[in-house]
Amino acid sequence: YLPISSAEGEQGAFASNGRARVWQKRAAGAFVAFEARLVVHKDTTARVGVFVSREMQRASETQVEAEVTVSRHWDPAKNTLQTRVMKRGEEDLAYADVAGVEWKLDTPIVLRIERTGESGETKIRVLVDGFPVLDGKALPNLGKTTTELKIGVFAEGQTGKKVDVEFDDVEIVYRK
């Protein structure tokens, strides 16, 4: 994963294939919701969105155990919002288009990922500008209480793909 240096917005081009992320860690059992307002600018040719992920460090590599993302399609000609809910072994799982929801370039959009249920009964809800686009999707590996989650904003692309994104009004809700 590639570092991003600022929490106000970033721009640049990918020097290699991969993901750039800004994130915080929270205990999985305490996580309730993550929300952020994103603006993806017109020169962007990479996937940009928000994520909640449970990851394990094994030797020199990071293995995703469970992850939910909501993102804008990487193709600037498509104003498509996409979600992906994956478990370990599903790293090649395709992103799913959300019918009827557009995410236009240079337009702010509020993305929210919520967790319901406890531990092994964890379910995910994704909201866009306050409207649910995914609800009740089971993801029990995300709620394991003995681990931490990474919660944040990401950009994903291949060498040369461009990113110009702003994010603001970030809210992380968790239980004490």
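This is a short walk through a few side chains, with something to select at each stop. Keep in mind that you are looking at a predicted model.

**Stop one: the aromatic pair.** Select Phe 51 and Phe 154. The ring-pairing rule turns up 1 aromatic pair, and its ring centres, those of Phe 51 and Phe 154, are 6.2 Å apart with the planes at 75°, so you get an edge-to-face arrangement, the label for angles over 60 degrees. Colour by strand and you'll see that the pair ties together distant parts of the chain: Phe 51 belongs to strand S5 (residues 47–58), while Phe 154 belongs to strand S12 (residues 148–157), 103 residues apart. Phe 51 has 0% relative accessibility, so it counts as buried. Phe 154 has 1%, so it counts as buried too.

**Stop two: Tyr 95 and its arginines.** Which ring does the charged end of Arg 47 sit over? That of Tyr 95, at 3.5 Å from the ring centre. Arg 84 also puts its charged end over the ring of Tyr 95, this time 4.4 Å from the centre.

**Stop three: Thr 80.** Go to strand S7 (residues 80–87), where you'll find Thr 80. Is Thr 80 buried or exposed? Its relative accessibility is 16%, and buried means under 20%, so Thr 80 counts as buried. To see what Thr 80 touches, show Ser 71, Arg 72, His 73 and Asp 97; that list leaves out residues up to four places away in sequence.

Key
Residues are numbered from 1 along each chain as its sequence is written. This is a predicted model: local features need pLDDT of at least 70, side-chain atom pairs count only at pLDDT 80 or more; totals for chains, interfaces and linings use all residues. Side-chain values use heavy atoms; hydrogens and water are left out. Helices (H or I, at least four residues) and strands (E, at least two) are DSSP runs, numbered from the N terminus. Buried means under 20% relative accessible area, exposed over 50%, partly exposed in between (1.4 Å probe, protein chains only). Contact means heavy atoms within 4.5 Å. Rings of Phe, Tyr and Trp (its six-membered ring) pair if their centres lie within 6.5 Å; planes under 30 degrees apart count as stacked, over 60 as edge-to-face and the rest as tilted. A charge sits over a ring if NZ of Lys or CZ of Arg is within 6 Å of the ring centre and within 35 degrees of the ring normal.
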